[in-house]
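Have the sequence and the 3D view open side by side, and we will walk through this protein together. Take your time, and find each part in the view as it comes up.

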Amino acid sequence: MTTSVTESRITVEPQSGWTGALISGVDLSKPLSEEAVARIREALLTWKVVFFRDQDLDHAGQIAFGKQFGEVTPGHPYEGDAAPPGFPEIHTVSPEAYDQRYGVAYRKKQGANGPGWHADVTPLINPPSHSILRAEVVPPYGGDTQFSNVAAAYDGLSAPLRRFIDGLRAEHRFGSSFSAERSKEKIGELVRSSPLASVHPVVRVHPESGERVIYVNPSFTREIVDLSPRESRHILDLLFEEVARPEYTVRFKWEPGSVAFWDNRAVLHLAPKDVEHLGHDRVLHRITLVGDVPVGVDGEESQSLAGERFGAA
Ligand code: SIN
């Protein structure tokens, strides 16, 4: 890393009406100028996820890029020995890495490459603020990642419904979507011996923009704690449908060297389930930035049920 980029070349090109912008004219393998960091931060606040093409990053370069935006966490609370040697911050996304981390049955139950719509590791008391995902090997077709703007989804609700959910809290628990507690696989041992769970506001106030966002997701949110189980299921189903509405989403097609950088406090993402049957390889590497404790509309912070704060690697 030697010279700064020339920030005047940076362009920000929106990719859909609500979500995602392609940033060009910046070389992420070099230290960024203050202005370049500010432009990327501004685009993230507006578009929730930004994309870069043709970047020449290795693990060290990806971590160095991330450190210009915050502290980098370990790859995952359940990373175990699946991180590449010497890079505990790297969480590799591939069928092989998931099998090594959680056991084969986990992937078979979840479908290819992990769970449904989610923000990263929301069962933590301080879920990662941002994630940076870099493509190494991509299939010739299929394998796209989708993102959905949950601030826009909140704004799209009727005022009475917004007022109703503003005061609710929900439990997020790792493994809740597939009964991991009963699993005989590695994932079962992990969640039984080191459970991860928190109660977060259903509507989170974004710490930088002040926007209200729908902060539940079908992968990790188990129930709304203030409601009866039946009421909780119906309200969660309604919110899960709202956050997945096509108008709030963007679909990103990976190329080798592509990078997606998203704000987990403002966007959900959906890993693809359309590639594994094709037999093509797909290998991406993710890092995450240390996040803050969510705060609800009433100013109250989330509460931890199990698990520690997730700090820097
Ligand atoms: C992830 O959930 O971070 C992985 C997304 C993907 O595989 O596209």
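An open sheet of 4 strands runs in the order β11-β7-β8-β16, with antiparallel pairing. At its edges stand β11 (221–224) and β16 (303–306); each has a single partner strand, so one side of each is left without a neighbour in the sheet. From one strand to the next, the twist averages 25°. Strands here (E, at least two residues) and helices (H or I, at least four residues) are DSSP runs numbered from the N terminus, and two strands pair if DSSP finds at least two bridges between them. Strand β7 (residues 169–173) and strand β8 (residues 197–201) are joined in the antiparallel sense over 5 bridges. Look for His 172: its bridge partner in β8 is Ser 198.

A word about what you are viewing. This is a predicted model, in which local features need pLDDT of at least 70 and side-chain atom pairs count only at pLDDT 80 or more, while totals for chains, interfaces and linings use all residues. Residues are numbered from 1 along each chain as its sequence is written, and side-chain values use heavy atoms, with hydrogens and water left out.

Now turn to another open sheet, this one of 7 strands in the order β1-β2-β3-β13-β5-β15-β4, with mixed pairing. The edge strands are β1 (11–14) and β4 (91–93), each pairing on one side only. β1 and strand β2 (residues 21–24) pair in the antiparallel sense over 4 bridges, and there Val 12 stands opposite Ile 23 in β2.

Thr 288 lies in strand β15 (residues 283–288). Is Thr 288 buried or exposed? Thr 288 has a relative accessible area of 2%, and buried means under 20%, exposed over 50% and partly exposed in between (1.4 Å probe, protein chains only), so Thr 288 counts as buried. Its side chain makes a polar contact with the side chain of Thr 73 at 2.5 Å. Such a contact is a pair of N or O atoms within 3.5 Å; within protein, one must be able to donate a hydrogen and the other to accept it, and residues adjacent in sequence count only if both atoms are side-chain atoms.

Finally, find the ligand. Among the residues surrounding it are His 269, Arg 282 and Arg 286, with a heavy atom within 4 Å as the cut-off. An oxygen atom of the ligand is 2.8 Å from an N or O atom in the side chain of Arg 282, and a polar side-chain atom of Arg 286 lies 2.9 Å from an oxygen atom of the ligand.

Technical notes
Axes are lines fitted to C-alpha atoms, for helices over the stretch in contact, and angles run from 0 to 180 degrees between N-to-C directions.
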